[in-house]
Amino acid sequence: MVLRDDTLQSVAVRKLEAEVRMSLARALLVMTVLCLFLEVSVGFVIYYSGEMNQGVMSYALLRVILPTSINIILCFMAHVSARTPNYSDKTKNRFASLAIIIFAGQLSIVHSYYVPIWGVSLFALMFCSLFHDPVIHKIEGAVCLAFIAAAALQHNLKYPEQFNYTVECLIVTEVTGIGICYLAFLLEKHSRKEFLINMEITAGASKYKTGYEVDALTGVYSRAFLTESAQIILENASELAPVGVAMLDIDDFKQVNDNFGHDNGDIVLRQFGELLNLYSEKNIVCGRFGGEEFVIVFAHGEEKLNIAALEEIRIMFETMTFAFMSGNITVSGGYKLVEEPLLFDDAVKLADEAMYDSKRGGKNKITVNGGVT
């Protein structure tokens, strides 16, 4: 079995994209507030200066209420998509990038009287090349060019006497926009090639890990190295710096071995290990505890984020297909947030208790142990 393309990304890239998505969501919120303040302030200035060429209600609707409503929807879309474990990274990236481009595009339409702002969405397009998605990138390029045309149309409706000037500006901005789109596509293509090269280097380097550190079958940390690393993290656990501990167990794994053979059972373990390795990094330790049981230790224990990651792992594993069987294989998990120094075995026991609650509750779920550490 081969993992889907979106699961082949390195942990570093996945983490970077997640940080970019959250940064975009926060930036949208800040810009929404700033734009609201700007429009209200400008409204007061032109009203008291006697230069308002439209009614107050019309200004409030077209320049304040409608744009702000759109921006709030975009903020909500970006924040919710970034935190929803049911979406793939590619889907989350598309939500985030489209939200920032639409935000910039509607800003150019609202302020179409200021010609230099027509192409502001193109700057967002350049930034979105970080997501390595050539398909949506080309669609976003077309959307940016459409926003430029819409801004020109809005400008012409406001100032019909400047028709020739509007057409000249439209041509110049569209041609410039096409050039910027082309450069953005080249940047994304170059960045993607560099990413693939780094993936190959990382894959080659992983072959030199010692047997002590890595479980030979699954590729995640061995129990000995997991215990050693996790114990150091758990010794520093506190209410201000909690640690998340999760136990994951492949459901009905004995039946897989009994019905399809141990060789196929090893394939399942190996693929689950590859999936966990996508999440293994400096602050997240993933290891094989024994048999079909795996432990994940989150050095930065944030329950909602940790559970979201575990749910993502659960859903991704459930969607995998294996050549030797027609159905899917699921995983159950338990999670415990540790807020005081604790022995690794004791922390695992608490997560294990929650995991067995998942088993008793129908399997294929993540359960939180809410008891006192």
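Mentor: D258 and K254 stand four residues apart in helix α8 (residues 253-260), so about one helical turn separates them. Helices here are DSSP runs of H or I with at least four residues, strands are runs of E with at least two, and both are numbered from the N terminus. The two side chains meet in a salt bridge at 2.8 Å, N to O; the term denotes a side-chain nitrogen of Lys or Arg within 4 Å of a carboxyl oxygen of Asp or Glu. K254 is exposed, its relative accessible area being 61%. Buried means under 20% relative accessible area, exposed over 50%, and partly exposed in between, with a 1.4 Å probe and protein chains only.

The model is predicted: local features need pLDDT of at least 70, side-chain atom pairs count only at pLDDT 80 or more, and totals for chains, interfaces and linings use all residues. Residues are numbered from 1 along each chain as its sequence is written, and side-chain values use heavy atoms, with hydrogens and water left out.

Helix α10 holds another such pair, E311 and R314, three residues apart and thus separated by about one helical turn. Their side chains form a salt bridge of 2.8 Å, N to O. E311 is buried at 17% relative accessible area, and R314 is buried at 13%.

A search of the whole structure finds 11 salt bridges. One of them joins the side chains of D215 and R288 at 3.3 Å, N to O. D215 lies in the loop between α6 (163-206) and α7 (223-234) and R288 in strand β2 (residues 284-290), so the pair ties together parts that are 73 residues apart in sequence. Both D215 and R288 are buried. Elsewhere, D249, D251 and K359 are linked in a network of salt bridges.

R63, in helix α2 (residues 56-83), is buried, with a relative accessible area of 9%. Its side chain makes a polar contact with the side chain of E39 at 3.2 Å. Such a contact is a pair of N or O atoms within 3.5 Å; within protein, one must be able to donate a hydrogen and the other to accept it, and residues adjacent in sequence count only if both atoms are side-chain atoms.
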